[in-house]
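Hi everyone, thanks for coming. Could you take a look at the screen with me for a few minutes?

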Amino acid sequence: MKIGLGLPIADPTALLTWARRADDGPFSTLGLLDRLVYDNPEPLVTLATLAGATRRIRVQTEVLLAPLRHAPLMAKQSATLAQLSGNRFTLGIGVGGREDDHVAAGTDLKRRGRLLDEQLQLMHRLWAGEPYDDQAGPIGPAVRPEVVFGGFVPAAIDRVGRWGDGFLAAGPLDYMDTTFRLAEKSWQTHDRPGRPRLIGQLNAAIGPDEVADEARAEMTEYYGNPGFANAMVTTTADLKSQLQRLEDLGADEAILYCWSPDPEQVHRLADVVTSR
């Protein structure tokens, strides 16, 4: 099982340090979340910068809230990032459930799932080099990035088999087991060959108490729910145990999110990864 890092958002100026350290370490991917009405760095711009500053590590939106964006431009941006990064970009997509994000974007929260399906149909055509419509031609580059979906309900997870390459799961491990199996069912239902790539997200902060406290505070501010932060893994033994459980569930990759911007987290988490 590969292991990647989820990037903190509290200090965007630290992200280049995180990316370069991760690129020199055992990590497979750098993931970055997306919000509109929040003080976080815009993910496509940020990941393009990080891809240019690294050699081998992949970059991934985790997840990009696609309904907030204009589909033709999103298709062009994601294809460009895949092309210029040497195919090191994974487009993680979700719908987003925060009402303020949709208010600011001018989109209908209640239609976000249907809008995403319309966007996906168009983006796949554009990535294949087909014209936009009868009045506008192709929108290049004709490059299809890897696409994975995040979601919590069966209708959202079914997009894995219809449109994607894999599934990104978050939440308790028992819940990840359930959603992994739903993603595999979607793959089979849509007669896809092989199996979907399965990715699990864990929240972790290893080291001094102040680092874990900072991570919990940042996570609580973002989600508005202290329960999520209370489930954060803070010891090496617990993290190794959860990684093993995730691997046993069939995960191809784990993404370790630390909400503290302390770059020393990269080395501490790397030590856990290499000592498994």
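At what angle do helix α8 and helix α11 pack, and how far apart are their axes? Before I answer, two notes on what you are looking at. This is a predicted model, where local features need pLDDT of at least 70, side-chain atom pairs count only at pLDDT 80 or more, and totals for chains, interfaces and linings use all residues. Residues are numbered from 1 along each chain as its sequence is written, and side-chain values use heavy atoms, with hydrogens and water left out.

Back to the helices. Helix α8, residues 173–189, packs against helix α11, residues 236–248, at an angle of about 20°, and their axes are 10 Å apart. Helices here are DSSP runs (H or I, at least four residues), strands are runs of E of at least two, and both are numbered from the N terminus. The axes are lines fitted to C-alpha atoms, for helices over the stretch in contact, and angles run from 0 to 180 degrees between N-to-C directions. α8 and α11 are therefore roughly parallel to each other; angles under 35 degrees count as roughly parallel, over 145 as roughly antiparallel, 65 to 115 as roughly perpendicular and the rest as oblique. The crossing of α8 and α11 is right-handed, a word used if the near helix is turned clockwise from the far one by less than a right angle, with anticlockwise being left-handed.

Which residues meet there? From α8 we have Leu173, Asp174, Met176 and Phe180, and from α11 Gln242, Arg245 and Leu246, with contact meaning heavy atoms within 4.5 Å. By class, that contact has four nonpolar, one polar and two charged residues. For the classes, Ala, Val, Leu, Ile, Met, Phe, Trp, Tyr, Cys and Pro count as nonpolar, Asp, Glu, Lys and Arg as charged, and the others, Gly among them, as polar.

Helix α1 (residues 15–23) and helix α12 (residues 264–274) pack at about 25°, with axes 9 Å apart. α1 and α12 are therefore also roughly parallel to each other, and their crossing is right-handed. Trp18, Arg21 and Ala22 of α1 touch Glu264, Gln265, Val266 and His267 of α12. That contact divides into three nonpolar, two polar and two charged residues.

How much space lies in the largest pocket? About 1,200 Å³. On a 1 Å grid over the protein atoms alone, a pocket is an open set of points with protein on both sides within 12 Å along at least five of seven lines, a cavity is a set where a 1.4 Å probe fits but cannot get out, and lining residues have an atom within 4 Å of a point. Grid points are joined across faces, edges and corners, and a volume is the space filled by probe spheres set on the points.

The largest pocket has 40 lining residues, with Phe152, Ala170, Gly171, Gln201 and Tyr223 nearest its centre. Elements giving two or more residues to that lining include α5 (112–127), β7 (166–169) and our friend α8. The lining of the largest pocket splits into 23 nonpolar, 11 polar and six charged residues.

The second largest pocket holds about 170 Å³. α2 (43–52) and α3 (71–84) each supply at least two residues of its lining, and α2 gives the most, with five. Among the residues lining the second largest pocket are Glu42, Leu44, Gln77 and Arg88.

The search also finds one cavity of 30 Å³ or more. Ile93, Phe149 and Arg159 are among the residues lining the largest cavity, and β5 (89–94) and β6 (146–150) are the elements that give two or more residues to that lining.

Last, the backbone. Most residues other than glycine have a negative phi, and most peptide bonds are trans. Here, the peptide bond from Glu62 to Val63 is cis, with omega near -5°, and Val63 sits in the loop between β3 (58–61) and β4 (64–65). Gly140 and Pro141 are also joined by a cis bond, with omega about 0°, and Pro141 is in the loop between α5 and β6. Finally, Asn87 is not a glycine, yet has a positive phi of about 60°; Asn87 lies in the loop between α3 and β5.
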